[in-house]
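Subject: Handover of a structure and notes on it

Dear colleague,

Please find the structure below, together with its sequence. My notes follow it, and I would ask you to read them with the model open beside you.

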Amino acid sequence: MAFPIDFLWGGATAANQCEGAYDIDERGLATVDVLPYGEDRFPIALGVKKMLKCDDQHKYPAHVGIDMYHHYKEDIKLFAELGLKCFRFSIAWTRILPNGDDEIPCEAGLAFYDNLVDECLKYGIEPMITINHFDVPIALVKKYGGWKDRRMIDAFMKLCTILFDRFKGKVKYWLTFNEINMLLHLPFMGAGIVFDEGEKKEQVTYTAAHYELLASAKAVKLAHEVMPDAMIGCMLAAGQFYPYTCNPEDVQKGLDADRDNYFFTDVQTRGAYPVWAIKRMEKEGIKLDITSEDIETLKQGTVDFIGFSYYSSRTVSVDPEVNKQTTSGNVIFSAVKNPYLKTSEWGWQIDPKGLRITCNILYDRYQKPLFVVENGLGAKDAVEEDGAIHDLYRIDYMREHIKAMDAVINEDGLPLLGCTFWGIIDLPSASTGEMEKRYGVIYVDQDTQGNGTLKRMKKDSFDWYKKVISSNGMEL
């Protein structure tokens, strides 16, 4: 069956992975800028190794990205040729407020996003803005310790006020924080947190989580006041946790893992902390800096829709022997290898049915519209002598996940607003920093070491996705 006529077929990127131009037009340094490629990347992203400036010993993928800052017109023209209905991108906080809380915003940065939005609208592409996508100003990390400090909320709201005033009437779809639950897994990447010696990590991360949740609620409330016609959502790194067996202990572990994953969206959609989270924090001695005003803020700032990324399901077990068989690709979410699923080159298990399951779980839990704001396959692509890029594996992946979305809409009857496939144009990987792990239907001539012409080339998946969009999902 066809997709709804207003289904938003799209693509997604992040400022820190595609824009480049990290030190021009007054842009300040952000956390993503100091995350290097190589063995130090993960310890820094975890907040256990401190790096608040760049050096000559490392390479930094975000510094160049794919230089969309200077290529955005060419890129959006390609998106228009593809037929995109929606383009999801993020704001580089330090491009607007170089120190994170400046009194006067940087006009050059605002002008760039003005031009980006206008270019989308020129081609009839609906812009979707992620306000914060793994992007904390280094100046605020030094000043406040990142999201450890309540004062980060005011800095974030200053940014939101500027953006909402600037883009009201132009941008309908907004997300507050990208994959907000990543704060618990990669604290520096997600919240600018570097742990001091002797700090209780759980206390620090859940305190930061509370402040981000308050900031999200305040942003939603402000958006509704400034832009009554806009929709503002949350964004979750999703993927259902399967118990490895029907052993009740495995089932309980799966339930607990799901609850941990839905901690943020439970608050963002329901406006209050779930009972299980309150009890667990009490048990672990975690005390939130929470006021009666905070409780009211969370209640008033519930989101309009659930945005989420879906790449794979995850499987969990209590059996030590089974737990030795972990998937090689997912260093962030520890998971057991599911014997029923195929695996990508990077060890991610491929589970289109899991997307349908995840959508149903999310809707059963929240009864709010859904939006798949990231999905895609990271793979190595080869450029043939004639310039062709035959990525049948990507087409197969996208086709099966689109079939799952078709079932979500036409068989399950759920309100799925759209899908913005991740890395619609190649960009450096957020987890590893490498360029060889490509997601796009548009190839960019650039390698991990920064070599290449930055030339854009269409892959076979470009023409295939163009046909899907033009037929509204009828031709797969």
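This is a predicted model: local features need pLDDT of at least 70, side-chain atom pairs count only at pLDDT 80 or more; totals for chains, interfaces and linings use all residues.

Residues are numbered from 1 along each chain as its sequence is written, and side-chain values use heavy atoms, with hydrogens and water left out.

The strands

Helices (H or I, at least four residues) and strands (E, at least two) are DSSP runs, numbered from the N terminus. Two strands are said to pair if DSSP finds at least two bridges between them. Strand β5 (residues 231-238) runs parallel to β7, and six bridges join them. F308 has V372 as its bridge partner in β11.

Why is β5 described as largely enclosed by the rest of the structure? The reason is that eight of its eight residues are buried, where buried means under 20% relative accessible area, exposed over 50% and partly exposed in between (1.4 Å probe, protein chains only). M231, G233, M235 and A237 lie on one side of β5 and I232, C234, L236 and A238 on the other, and all are buried. In strand β7 (residues 305-310), six of six residues are buried. F305, G307 and S309 point one way from β7, whereas I306, F308 and Y310 point the other way.

Residue M405

M405 belongs to helix α14 (residues 392-410) and is buried, with a relative accessible area of 0%. Contact means heavy atoms within 4.5 Å. Residues up to four places away in sequence not being counted, M405 touches F3, F7, L355, V372, L416, C419 and F421. V372 is also the β11 partner of F308.

Q17 lies in helix α1 (residues 15-18) and counts as buried at 5% relative accessibility. Its side chain reaches the backbone oxygen of P428 at 2.8 Å. Leaving aside neighbours within four places in sequence, the contacts of Q17 include H133, W422, P428 and A430.

On a 1 Å grid over the protein atoms alone, a cavity is a set of points where a 1.4 Å probe fits but cannot get out, and a pocket is an open set with protein on both sides within 12 Å along at least five of seven lines; lining residues have an atom within 4 Å of a point. Grid points are joined across faces, edges and corners, and a volume is the space filled by probe spheres set on the points. The structure holds 10 cavities of 30 Å³ or more. The second largest cavity has about 100 Å³ of space, and its lining includes Q17, P428 and A430.

A pocket

The second largest pocket has about 250 Å³ of space. Of its 14 lining residues, Y273, I278, M281, L288 and I290 lie nearest its centre. Helices α11 (275-283) and α12 (292-300) each supply at least two residues of this lining.

Yours sincerely

Note on methods: A polar contact is a pair of N or O atoms within 3.5 Å; within protein, one must be able to donate a hydrogen and the other to accept it, and residues adjacent in sequence count only if both atoms are side-chain atoms.
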